[in-house]
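Open the model in your viewer and keep the selection tool ready. The tour goes stop by stop.

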Amino acid sequence: MDQVPTQRQQHDPADQGTADYRRLAQQLCDVVDGRQILSPAKFIEMMGLDIDSFSSNAHVHRSTVIRAPAAESIQSHIRTSLRVLAAVAAVSGGDLQAANFCYRNEQLTPFNYKTAESLVAEGRAADVVDLMTSYEAGFTG
């Protein structure tokens with residue numbers, strides 16, 4: 001009897017990152033004015049930030065965080081931060097606490113010793129995700 005060989009499923013880092021991102025996003029969901037949003041308050045608490053740091057990183061006034069949590073600039077900053085945090089978590093073994101620490105404190109040599117958090121605030125999230133992907137792939141030289 002002919003059997004079709006089964007292909008081995010390979011672990012795709014992007015799949016893990018997407019799953020981590022979705023899990024994080026679900027934890028931060030909130031309903032405001034009948035719309036589901038990512039809660040800045042929950043994000044601030046999860047990341048151990050203060051409102052001034054968050055508003056500075058998101059490039060909004062601190063009152064916007066309180067009065068207009070559904071503002072696109074706030075929602076975009078949270079989404080981007082979660083994508084990068086998920087990439088960092090994939091490299092750090094999926095531990096969210098370790099990923100949070102690295103995201104906020106680990107100085108990245110290729111980026112003049114800036115943190116992932118500061119790079120996201122500068123609009124360089126894609127660069128951080130690319131770096132994390134290369135770390136996860138390992139040495140290939």
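Is S81 buried or exposed? S81 is buried, at a relative accessible area of 1%; buried means under 20%, exposed over 50%, and partly exposed in between, with a 1.4 Å probe and protein chains only.

Before moving on: this is a predicted model, where local features need pLDDT of at least 70 and side-chain atom pairs count only at pLDDT 80 or more, while totals for chains, interfaces and linings use all residues. Residues are numbered from 1 along each chain as its sequence is written, and side-chain values use heavy atoms, without hydrogens and water.

**Stop 1: around S81.** Select helix α5, residues 72-91, which holds S81. Helices are DSSP runs of H or I with at least four residues, numbered from the N terminus. Now show F43, Y103 and V120: S81 touches these, leaving aside residues up to four places away in sequence. Contact means heavy atoms within 4.5 Å.

**Stop 2: helix α2.** F43 leads here. Select residues 40-47: P40, F43, I44 and M47 are buried. Their arc is only 100° around the axis, so they sit on the same side of α2. The arc is taken from the directions from the helix axis to the C-beta atoms. Turn to the other side of α2 to find A41 and E45 exposed.

**Stop 3: the ends of α2.** Select S39, which caps the N-terminal end, with a side-chain oxygen 3.3 Å from the backbone nitrogen of A41. Then select G48, which follows α2 and has a positive phi, near 70°.

Note on methods
Helices (H or I, at least four residues) and strands (E, at least two) are DSSP runs, numbered from the N terminus. A polar contact is a pair of N or O atoms within 3.5 Å; within protein, one must be able to donate a hydrogen and the other to accept it, and residues adjacent in sequence count only if both atoms are side-chain atoms.
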